[in-house]
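Please look through the structure below with the following notes beside it. They are meant for someone meeting it for the first time.

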Amino acid sequence: MTQWSGYFGLILQGALVTIELTLMGSVLAMIMAFLAGLGRLSRFFAIRALATAYIEFFRGTSIFVQLFWAYFVLPFIGISLTPLQAGVLALGLNVGAYAAEVVRGAIQSIGREQYEACTALNLGRWQAMRHVILPQALLVMLPTFGNNAIELLKATAVVSLISLTDLTFQAQVVRSQTGNTMVPFTTILVIYFGLALIISWGVRSLERRMARGLDGVRV
């Protein structure tokens with residue numbers, strides 16, 4: 001029993017790395033989602049083209065290749081990243097590309113009457129976006145953002161391929177040392193599921209709070 005408590009300690013250490021990856025990757029994904037999503041709606045062709053290129057490239061290539069490229073190829077051009085930095089970069093850019101289309105679609109789903117009301121109130125383009133359109137669009141984005149965060153959580157398992165000691169890596173260590181597959185992988189299965197439930201609960205709570213405060217935003 002003492003031996004297994006040590007192994008479970010390893011898995012919990014891996015859980016902390018997975019949580020760290022998920023949080024930092026989600027922050028980067030959110031930043032890239034809004035930059036690229038708003039970029040797709042820009043009046044300037046160069047910005048739209050750049051945003052589209054980013055979205056299509058990271059949606060159209062494998063997360064495995066992106067991760068290996070960040071960790072093994074970037075050093076050849078003078079950019080050396082730690083396994084954690086490479087994992088956050090690959091996960092954030094990959095999920096951000098999917099979330100960017102969520103941002104664009106949510107903004108475009110806001111009724112035309114809201115834009116017309118902003119014009120009638122003499123609000124500038126960015127004033128209208130910041131104070132009227134985005135608050136309403138955020139409520140539309142949230143459920144899919146929650147799905148994206150859960151997908152990012154599950155994708156953190158790939159970082160074990162570059163020796164980052166996340167949940168999956170530690171489960172493999174325990175398996176190799178004990179010869180037992182069921183216990184470590186059942187344990188991380190439950191932990192991944194629990195973390196996904198926490199994300200879902202957090203997103204639903206935020207959605208309810210935003211819905212209550214939305215009436216003061218519509219014009």
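**Notes on the predicted model**

1. The structure, which is a predicted model, holds four salt bridges. One of them joins the side chains of Arg-59 and Glu-56, with a distance of 3.0 Å from N to O.

2. Both partners of that pair, Arg-59 and Glu-56, belong to helix α2, which covers residues 45-60, and they stand three residues apart, or about one turn of the helix. Because an α-helix has 3.6 residues a turn, residues three or four places apart point the same way.

3. Helix α4, made up of the 27 residues 83-109, reaches 39 Å from its first C-alpha to its last, and this is close to the 39 Å expected at 1.5 Å a residue. Where does α4 bend? The bend, of about 30 degrees, is found at Ala-97.

4. The phi angle of Ser-163 is near 65 degrees, which is a positive value in a residue other than glycine.

5. On the surface there is a patch of positive charge, in which Arg-204, Arg-208, Arg-209 and Arg-212 gather. One of these residues, Arg-209, lies in helix α8, which runs over residues 182-213.

Notes. Residues numbered from 1 in each chain as written. Predicted model: local features only at pLDDT ≥ 70, side-chain atom pairs only at ≥ 80, totals over all residues. Heavy atoms only, no water. Patch = residues over 30% accessible without salt bridge, like charges linked within 9 Å, V, L, I, M, F, W, Y side chains within 5 Å. Areas by Shrake-Rupley, 256 points an atom, 1.4 Å probe, with all protein chains shown as cover. Lys, Arg positive; Asp, Glu negative; His and termini not counted. Charge placed at Lys NZ, Arg CZ, Asp CG, Glu CD. Helix = DSSP H or I, 4+ residues; strand = E, 2+ residues; numbered from the N terminus. Expected span 1.5 Å × (residues − 1). Bend = angle between axes of the 7 residues up to and from the residue.
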